[in-house]
Each structure stands twice: as C-alpha cells, then as structure tokens.
Amino acid sequence: MKVSIGRDNRWCPRPLYLFGTFREDGTPDFGLFCWFSYAWTDGLAAITCIGENKLTLDRIRATKVFSANLVTEATLPLADYFGSVSGYDPEKMNIPLDWEKGETLNVPILSDCPMAFELEVRELISLNDEGSTVLICEIRNTLVDPMLEDESIPTAERLARMNPVTTAGHCEYWSWQGQRLGGWHGLAKQIREDIEISAN
C-alpha cells in the first residue's frame with residue numbers, strides 16, 4: 001500500500017539544467033532550473049516552467065531565446081552557485097567562466113557541459129501574478145560532446161562518462177549512480193569564498 005503525501009514531487013528525480021541568456025549589456029547569465037521536459041508539436045519540442053520572476057525569465061521574454069545546458073557532476077558546484085545567487089545581483093557573473101555562443105541562436109553555451117539545447121520560445125503561458133510561466137520551445141539545435149555520438153562506445157558507458165545530476169528528496173543532489181552529492185546551496189560555498197578572497 002502506498003501512502004498519500006499530498007501535492008509533492010520530491011520523489012520524482014529531476015535532471016538539472018543551466019538556462020543561459022544574455023544580459024542587456026551582452027554578458028552571459030546562467031540560472032539553475034529543474035522543471036524541464038519534452039513535447040511533440042511539429043517536431044520535438046521542449047517545455048519548461050519558471051516558477052517566479054527572475055532575470056532569466058526577464059531576458060527570455062525580451063529575446064525569446066535561451067540555452068539549456070545539462071548539469072553534470074563536474075559542473076554541479078558551478079550550477080549550485082548559479083542556483084544560489086539571484087540574477088539581479090550585478091556581481092553574480094564576476095567569476096571565471098568558459099562559455100561560447102550557440103551555433104544556431106544568439107545564446108551562451110557553457111563549454112564544460114556535454115549537452116546543450118538552443119531553444120526558441122514559441123509560446124509563453126503566464127500562470128499567475130507572481131511570474132510563474134510555462135514556456136513551449138522549439139529545439140533549434142542540440143550541441144553534444146563528440147563522445148556521445150561515438151557508436152563504438154556502449155550507451156551505458158557514454159551515460160556514465162556524461163555523469164548527469166538529478167535532484168530528489170529533501171533538496172538534495174544525486175549522481176546518475178544514486179550517490180548523494182550534497183544539499184542545495186552547499187556546494188556553492190567554495191565559489192563564494194573565492195569571490196570574497198578576490199574582492200579583498
């Protein structure tokens with residue numbers, strides 16, 4: 001017998017993505033999100049929901065494009081940092097960062113992520129006054145590490161090398177193999193300390 005826990009998604013493992021946009025001054029900005037899935041319109045499409053007003057949503061509304069960069073164990077501390085600092089903080093992006101422009105759209109792509117979507121918004125659906133918005137997006141391009149397209153490598157090994165991260169349970173990060181990697185906002189500590197040291 002299952003037990004009822006009400007309206008809750010803690011036990012639905014959710015992959016993590018860093019959504020990339022350009023600020024008005026042309027500098028890249030990344031935010032951490034996990035409400036992301038797929039649909040079929042006239043082809044494969046992406047659906048995401050941004051739960052409240054954020055700089056990422058402001059920029060998506062303004063430009064109608066963004067990237068979705070898959071978070072892995074290697075990029076998790078950076079992702080946790082981006083999920084811990086508001087995009088409205090002018091100092092947020094003053095950190096060392098390897099990025100490049102998308103091949104199809106004018107969006108920033110994180111170089112260390114093994115897979116990224118270049119997305120163009122087809123429809124924005126506002127759900128409430130707090131900014132919660134559903135975005136239905138055309139996948140204009142997908143960028144992947146060449147290893148992922150190497151058919152000589154078994155799929156299980158390619159997934160293991162990619163090492164994607166999920167979030168589940170009580171605000172925790174988990175590896176592809178089911179190992180706990182830490183709690184939300186905990187892994188960003190070292191990056192924040194490095195920023196404080198460089199500021200002094």
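Me: Hi! What joins β4 to β5 here?
Reply: A hairpin does, running through 3 residues. Strands here are DSSP runs of E with at least two residues, helices are runs of H or I with at least four, and both are numbered from the N terminus. One note before we go on: this is a predicted model, where local features need pLDDT of at least 70, side-chain atom pairs count only at pLDDT 80 or more, and totals for chains, interfaces and linings use all residues. Residues are numbered from 1 along each chain as its sequence is written, and side-chain values use heavy atoms, with hydrogens and water left out.

Me: Thanks. In which sense do β4 and β5 pair, and over how many bridges?
Reply: Strand β4 (residues 36–40) pairs with β5 in the antiparallel sense, over 5 bridges. Pairing requires that DSSP finds at least two bridges between the strands. Within this pair, A39 stands opposite A45 in β5.

Me: And what about β5 and β10?
Reply: That pairing is antiparallel too, with 6 bridges between β5 and strand β10 (residues 133–144). There, C49 stands opposite V134 in β10.

Me: Switching to α1, which of its residues are buried?
Reply: In helix α1 (residues 55–63), the buried ones are L55, T56, L57, R59 and I60.

Me: What do those buried residues pack against?
Reply: They pack against β2 (17–22), β3 (28–33), β5, β6 (65–70), β9 (115–126) and β10. Contact means heavy atoms within 4.5 Å.

Me: What follows α1?
Reply: K64 does, and its phi is positive, near 65°.

Me: Zooming out, how many helices and strands are there?
Reply: The protein has 4 helices and 13 strands. Its radius of gyration is 17 Å, close to the 16 Å from the globule rule for 200 residues, so it is as compact as a globular protein of that length. That radius is taken over C-alpha atoms, and the rule is 2.2 Å times the number of residues to the power 0.38.

Me: What share of the residues is buried?
Reply: Buried residues are 46% of the 200 in the protein.

Me: And which share of contacts links residues 24 or more positions apart?
Reply: Such pairs account for 60% of the contacts with a separation of 6 or more.

Definitions and conventions:
Buried < 20%, exposed > 50% of the residue type's maximum accessible area, 1.4 Å probe, protein only.
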